[in-house]
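Open the structure in your viewer and keep the selection tool at hand. The tour goes one selection at a time.

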Protein chains: 2
Amino acid sequence: MEEVDHLAHERSKAQFDVDAMKVVWAGSKHALDVADRMARLVASDPVFRKDNRTMLGRKELFKNTLRKAAHAWKRINELHLTEEEASMLRLFVDEPSYVDLHWGMFVPAIKGQGTDEQQKKWLPLAYKMQIIGCYAQTELGHGSNVQGLETTATFDPKSDEFIIHSPTLTSSKWWPGGLGKVSTHAAVYARLITDGKDHGIHGFIVQLRSLDDHSPLPGITIGDIGTKFGNGAYNTMDNGVLQFDHVRIPRNQMLMRVSQVTREGKYLRSDVPWQLLYGTMVYVRQTIVSDASKALSRAACIAVRYSAVRRQFGSQDGGPETQVIDYKTQQSRLFPLLASAYAFRFVGEWLKWLYADVTQRLQANDFSTLPEAHACTAGLKSLTTSATADGIEECRKLCGGHGYLCSSGLPELFAVYVPACTYEGDNVVLLLQVARFLMKTVSQLGSGTQPVGTTAYMGRAQHLMQCKCDVRGAEDWLKPSVILEAFEARAVRLAVNCAQNISKAASPEEGFSELSADLLEAAVAHCQLIIVSKFIEKVQQDIPGHGVKGQLQILCNIYALSVLHKHLGDFLATGCITSKQASLANDQLRSLYSQIRPNAVALVDAFNYTNHYLGSVLGRYDGNVYPNLYEEAWKDPLNDSVVPDGYREYIQPVLKQKFRASRL
Amino acid sequence: MEEVDHLAHERSKAQFDVDAMKVVWAGSKHALDVADRMARLVASDPVFRKDNRTMLGRKELFKNTLRKAAHAWKRINELHLTEEEASMLRLFVDEPSYVDLHWGMFVPAIKGQGTDEQQKKWLPLAYKMQIIGCYAQTELGHGSNVQGLETTATFDPKSDEFIIHSPTLTSSKWWPGGLGKVSTHAAVYARLITDGKDHGIHGFIVQLRSLDDHSPLPGITIGDIGTKFGNGAYNTMDNGVLQFDHVRIPRNQMLMRVSQVTREGKYLRSDVPWQLLYGTMVYVRQTIVSDASKALSRAACIAVRYSAVRRQFGSQDGGPETQVIDYKTQQSRLFPLLASAYAFRFVGEWLKWLYADVTQRLQANDFSTLPEAHACTAGLKSLTTSATADGIEECRKLCGGHGYLCSSGLPELFAVYVPACTYEGDNVVLLLQVARFLMKTVSQLGSGTQPVGTTAYMGRAQHLMQCKCDVRGAEDWLKPSVILEAFEARAVRLAVNCAQNISKAASPEEGFSELSADLLEAAVAHCQLIIVSKFIEKVQQDIPGHGVKGQLQILCNIYALSVLHKHLGDFLATGCITSKQASLANDQLRSLYSQIRPNAVALVDAFNYTNHYLGSVLGRYDGNVYPNLYEEAWKDPLNDSVVPDGYREYIQPVLKQKFRASRL
């Protein structure tokens, strides 16, 4: 195939230093360097090939994933990769597998919930992968409501053991990744029962399979829960079902950092504050926000490049047709998603800082910022994952019919991403937690307790309840202070309205429940404000590189004004802005789209994604889409033969009238 | 498994006659009867089993579809089914296949575009399936822009033949269903060239494969274009690629009803009005709207039933937890979708009438209503398919984690449905056509030309531009006249605003292009008004059956007020309603949700869908979800063996430290 850069003309139009933007996106020169090396390492290794993934049957697909996981582990060891490098390498292998749960959930569970002694025993085994662990929390009957889990861990003082048991069908562990076929161990969450008393949910390390022959241990029934959404996608993962029939484990396999059971069966709280467990939650959700920006940026990269390649309509005098990226309808759907990818990247970066800050405070026994940090990460997890799932699907639609082909990469990206809206806290349940925190904050206004962190603006509620937006011309919408105040005013007003309506109800609980749909909207407004404000803060920093800061400013304004347009009802209903000002915001948005247009391809180049990682014919770096789409088509198994299997049995008889009833 | 109706209590709460509602949903007693018989026929026949579909590899899946198609044809003949029955049977087989294109596109193309003589020759062959046809229009490089197709059909007066040719890679036919592996013939769309002159796109009947051994004819390259979104889903279809290398066909295989080429190579228009071709488009899009209501109602049925089964949180004193359908957040997402399913059903019914009306007029050479009918069907196709695709995915999310399993039926329903947003006119392109028609209508206001049909309300623009909504209490939002006027005012004001802004641009074309994002919103407003008004008209008819009309009134109001809430920005920005009135609409909406709640399960029972057609463990009629989810899991191929294939090669070596570098 010819080696021409079909997007060279687009790249030549960029008005900023792409290499400098790559550093901004990666977070640092070092991070860019590591990512770049690991991405190339994966892309150049034929074992990590993934273009055939959507055509494989379940068994073949799964075996291939096992192969990749083993090969990745081999390479990590051979090359003596650092922890940072190893985790980057796994990222670019880009295939869900048991390894994710081992490193992402099992190891952190032991670290966070195990005593020093337990960590000393289990972590080295896990670090060397001499044992492989998963995280067995959710059950067939309970996901969101962790306190409703039914699996029991009953202490037997006679033998100094816990008896792990699944008392009902709905208590079957259900969903844990890596459980179905691979894990040798699990962190199992169960109701702790001592002497007939239920102490609620606690964690236990339970061996599931023999380390000799991998067969499930006695009393353990275990399997895969079946096919999931999409081709390839999460079908590479052995999400599992697990039932315990009175399985005994030694007492010291309860994770005892925060509370413990003594030899005598006494239940004790340790002096380690339980709040530490919240720190882990902040950590996990921060990584989810960071993943959201990766997934959305991949989709945007594919859609931007293909929109620059694809031409349709508008040919004049026999000249070429118009690039679809030049249509305003395309721009108004695509550019807000590009801006969102950047917005989520920067709020993710800030969350990393927040996690460090919370950790430091926790170590100093300062729990004051924890509720706010918890609400903030819950809300941002919800908002960014929902927007990303919708955004990927929108990017797919922006690629027209060809986006429906697996070779576009977008169907699998959607299917593999979308569970993020449900796992680690259902997005609606999380927003209600944010709303509850907001209602509490509102109720304390004027009581002397000053709202902190991302809710600090609520301390200015009195001003924000009555301030008037002073936009008079479209250019006023470029002022960060104007945007911030509009978003703050909207968030405060929605929250205060909810609080007032709740106060009219028979009880606060009843009011909260009755108004919960409105509360979701208030929580969304609060989270969008956080994202806008962190983007503005980012842009106010020193950012080196020709034109880089300018582009980020445009993206920041596109993000803010497109959110404003989408939620216009909120802004108008609360009187934060007028219809005239809304119309000016729209005018400004159109102008911003024109400004970003020549930079669009360069802005997705700045993600520095390899063709392997993108996994999309439509998103190829060189834009050489059509010959490659054509070539990909022939790889389908149906094309193995010209005349399809089944012709003699099921097509020929139709054509030859074998099924015609005599009467006709 | 026990035979208990876990939803019996829900069913006992219904306040209306479900059997009477079944008749309303089906359209008539006769339609209900036919649908019921055909659905049971399919459900009871093991060949039509589909619960294993998402686990099959591509080849196996495709062969199985060929088997089902042949079996369906056999049964249709054996049982001497009527056309109506046969098409219902195909509907309930519920699997995309070449048959859809043969009956849905190939046959109608010959009927609509063939001369009487051509129909006499080809239709009997097609009716008996002695030939199998597809519809080869879109190409690799062109979808929406039909006029840009590149395939040529050059008349050769020497041999009295057309030479069909693919001059470029991008001219390859790409996407046609049934083309890749099955069709013997195709309606091929190509640029007609006579004597060096290009007459634009015309249709031709081209034989593709030998009727003896199914091999492609000389000069024809043909294959499948590869895997598509989702497990099962459209992977049962052989969407194809096709290239012609100077393929010759007799002159009489050009579809010549509207224009023809004479023996001498002269291009002539016949006296058949070309507008007849638009009639076909109205027909096809009307069926798409009707399919939208089917797809959305299936998803809503699954989500409603499962939301009544699933319990989470809210247990008091050890009692059962709260059914998730009782949460206001669940209701505010789910009930508008249930209402939309009904709304789309009734607007689809009305479109059927519209098609009949247009056809009658065309036969009487009355073209006056055609542009309006065309815009209306284009817009409704766009609106209902987008809302349905989003709605199915929302229903999936409303089922929490288990909705991500293929056994929930929702992933496949989404994947198989979503191309409806792109085929038969990309939804955004269609909305722009509607917008163009609206701008034309606005420009003619006051000129004496009265707007007709669904745009008649624009004749009252002067009143609607300045009318004030007189809602004072939440109950005022139940008045059809109030709702209608608010929707009419919003639609007119958005359209007139666009027209005014366009008039400020350098040229109308430039203005239209610059403001196209706003124009989309005006088009959406117009289409939503149509749906609301047709629902209101339906509810104003006599509807027999205890409580049936009352439920439909509630659904109608839920549809209208939830659309109003979602697009609140429009209503407020155009001053159609005040913030206070918006808040009252919200209050009314909450009350409507409470009213529909006890009827929700019965309202989805009224769709009369079999468990086979629903294809969802979560949506089972008896609500016995958990044991069946558990049982389904074990059918996954990964559970064929306890220790997975790949253990010795890829898991054991990891655990046994085979990959550890010596240094570590």
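Which residues of chain A does UniProt list for "domain: Acyl-CoA oxidase/dehydrogenase middle"? The unreviewed UniProt entry gives residues 134-245 of chain A. Keep in mind that this is a predicted model.

**Stop 1: the middle domain**

Select residues 134-245 of chain A and color by secondary structure. The span is 41% strand and 0% helix. Its end C-alpha atoms lie 19 Å apart.

**Stop 2: the N-terminal domain**

Now select residues 17-132 of chain A, where UniProt places "domain: Acyl-coenzyme A oxidase N-terminal" (unreviewed entry). Over residues 17-132 the chain is 72% helix and 0% strand. The end C-alpha atoms of this span are 45 Å apart.

Next, pick out helix α6 (residues 98-113) and helix α7 (residues 116-127) of chain A, whose axes come within 9 Å and cross at roughly 165 degrees. Angles over 145 degrees count as roughly antiparallel, so α6(A) is roughly antiparallel to α7(A). The crossing of the two helices is left-handed. Show side chains for the contact: on α6(A) the residues include A:Trp103, A:Phe106 and A:Ile110, and on α7(A) they include A:Trp122, A:Leu123 and A:Tyr127. By class, this contact has eight nonpolar, four polar and one charged residues.

**Stop 3: the C-terminal domain**

Select residues 480-656 of chain A, which the unreviewed UniProt entry annotates as "domain: Acyl-CoA oxidase C-terminal". The span is 72% helix and 0% strand, and its end C-alpha atoms lie 73 Å apart.

Within chain A, select helix α14 (residues 480-503) and helix α16 (residues 516-540). At what angle do their axes cross? The angle is roughly 160 degrees, and the axes come within 9 Å. That makes α14(A) roughly antiparallel to α16(A). The crossing is left-handed. Among the residues that meet here are A:Leu484, A:Phe487 and A:Leu494 in α14(A) and A:Leu529, A:Val532 and A:Ile536 in α16(A). The contact has 15 nonpolar, four polar and four charged residues.

**Stop 4: between the chains**

Finally, show chain A and chain B together. How many residues of chain A are in contact with chain B? There are 131, and they touch 131 residues of chain B. About 11700 Å² is buried between the two chains, with carbon and sulfur atoms giving 63% of that area. Select A:Phe229, A:Tyr404 and A:Leu638 to end the tour: in chain A, these lose the most area to chain B, together 7% of what that side buries.

Definitions and conventions: Residues are numbered from 1 along each chain as its sequence is written. Chains are lettered from A and ligands numbered from 1 in the order in which they are written. This is a predicted model: local features need pLDDT of at least 70, side-chain atom pairs count only at pLDDT 80 or more; totals for chains, interfaces and linings use all residues. Side-chain values use heavy atoms; hydrogens and water are left out. UniProt positions are given in the numbering used here, feature names are shortened, and annotations may be inferred rather than shown by experiment. Helices (H or I, at least four residues) and strands (E, at least two) are DSSP runs, numbered from the N terminus. Axes are lines fitted to C-alpha atoms, for helices over the stretch in contact, and angles run from 0 to 180 degrees between N-to-C directions. Angles under 35 degrees count as roughly parallel, over 145 as roughly antiparallel, 65 to 115 as roughly perpendicular and the rest as oblique. A crossing is left-handed if the near helix is turned anticlockwise from the far one by less than a right angle, and right-handed if clockwise. Contact means heavy atoms within 4.5 Å. Ala, Val, Leu, Ile, Met, Phe, Trp, Tyr, Cys and Pro count as nonpolar, Asp, Glu, Lys and Arg as charged, and the others, Gly among them, as polar. Buried area is the accessible area (1.4 Å probe) that two parts lose on being put together, summed over both.
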